[in-house]
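Here are my notes on the model you asked about. Keep the viewer open while you read them.

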There are 2 protein chains.
Amino acid sequence: MISQQQMKQAMQAYIDAFNRVDVDAIVALYADDATVEDPVGSPLKSGRKAIAEFYAYAIKSGARLKLAAPIRGSHGNSAAMAFDVELNMPQGDKTARAVIRVIDVMTFDDAGKFSSMRAFWGPSDMEVLGAS
Amino acid sequence: MISQQQMKQAMQAYIDAFNRVDVDAIVALYADDATVEDPVGSPLKSGRKAIAEFYAYAIKSGARLKLAAPIRGSHGNSAAMAFDVELNMPQGDKTARAVIRVIDVMTFDDAGKFSSMRAFWGPSDMEVLGAS
């Protein structure tokens with residue numbers, strides 16, 4: 001079974017790859033037949049192709065991920081982390097900073113790849129911080 | 001379906017009931033046939049009786065829960081929160097403060113009760129802060 005340390009390193013690698021706008025590196029963290037449910041309650045995206053399309057779109061927004069607390073492991077093959085997504089939103093002719101507060105839960109396969117990701121955030125977890 | 005606000009209020013009520021050492025109030029937040037997996041990777045505790053025994057034991061440790069970041073909702077019937085469990089551990093003839101870093105994921109039934117709780121924390125999420 002994958003170690004706690006390996007899981008936490010993969011979660012951190014996910015944050016880092018997102019923040020350097022590296023879709024290939026994000027997708028490489030996933031297993032071929034992985035599923036993504038982002039947000040929880042929305043239809044599953046299944047397989048590398050659908051997942052790559054999802055991140056290519058998400059990353060275009062200029063979003064950056066910032067851990068809100070240390071990554072948590074488990075006594076099994078899953079880990080979880082709370083983070084803030086910081087992004088720019090068009091607001092009239094200005095740009096507003098916004099934040100979405102998220103918790104991601106990943107499960108891992110034996111090779112150490114994400115077999116599933118579920119992102120917990122709802123409409124009330126999004127906050128516009130003001131125009132700049 | 002239960003609203004985002006109702007879910008977050010129930011999560012906060014859980015933290016508050018734990019911190020005032022009120023096992024009955026914690027158990028009242030759960031559905032009759034609810035399951036608890038704490039930590040994730042351990043056997044499920046099923047039903048109110050098993051859940052009440054679990055919390056009666058957990059609460060005896062003098063643990064206190066402190067949110068590490070705002071509670072997250074979802075676009076479905078689940079919510080998640082990152083918190084620190086602060087507790088006293090016997091260490092020789094002294095007591096040491098310790099922290100366990102946890103993320104709880106709850107799913108809700110239509111009545112607004114927890115139908116399941118999963119607590120993500122592993123051995124590496126426990127830290128002894130020093131004797132006092």
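The numbered points below go from the whole chain to single residues.

1. Before you start: this is a predicted model, where local features need pLDDT of at least 70 and side-chain atom pairs count only at pLDDT 80 or more, while totals for chains, interfaces and linings use all residues. Residues are numbered from 1 along each chain as its sequence is written, chains are lettered from A and ligands numbered from 1 in the order in which they are written, and side-chain values use heavy atoms, with hydrogens and water left out.

2. Chain A has three helices and seven strands, and their order from the N terminus is α-α-β-β-α-β-β-β-β-β. Chain A's radius of gyration is 15 Å, close to the 14 Å the globule rule gives for 132 residues, so chain A is as compact as a globular protein of that length. (Helices are DSSP runs of H or I with at least four residues, strands are runs of E with at least two, and both are numbered from the N terminus; the radius is taken over C-alpha atoms, and the rule is 2.2 Å times the number of residues to the power 0.38.)

3. How much of chain A is buried? Buried residues make up 48% of its 132 residues. (Buried means under 20% relative accessible area, exposed over 50%, and partly exposed in between, with a 1.4 Å probe and protein chains only.)

4. The UniProt record, in an unreviewed entry, lists residues 12-115 of chain A as "domain: SnoaL-like". (UniProt positions are in the numbering used here, feature names are shortened, and annotations may be inferred rather than shown by experiment.) Over that stretch, chain A is 27% helix and 43% strand, with the end C-alpha atoms 16 Å apart.

5. Now look at the backbone. Most residues other than glycine have a negative phi, and most peptide bonds are trans. The bond from A:Asp38 to A:Pro39 is cis, with omega near 0 degrees, and A:Pro39 sits in the loop between strand 1 (30-37) and strand 2 (45-46) of chain A. In chain B, the bond from B:Asp38 to B:Pro39 is cis too, with omega near 0 degrees.

6. A:Val21 isn't a glycine, yet its phi is positive, at about 55 degrees. You'll find A:Val21 in the loop between helix 1 (4-19) and helix 2 (23-28) of chain A, and its relative accessible area of 42% makes it partly exposed. For B:Val21, phi is near 60 degrees, and at 44% relative accessibility this residue is partly exposed.

7. Last one: B:Ala96 belongs to strand 5 (residues 94-108) of chain B and is buried, at 0% relative accessibility.
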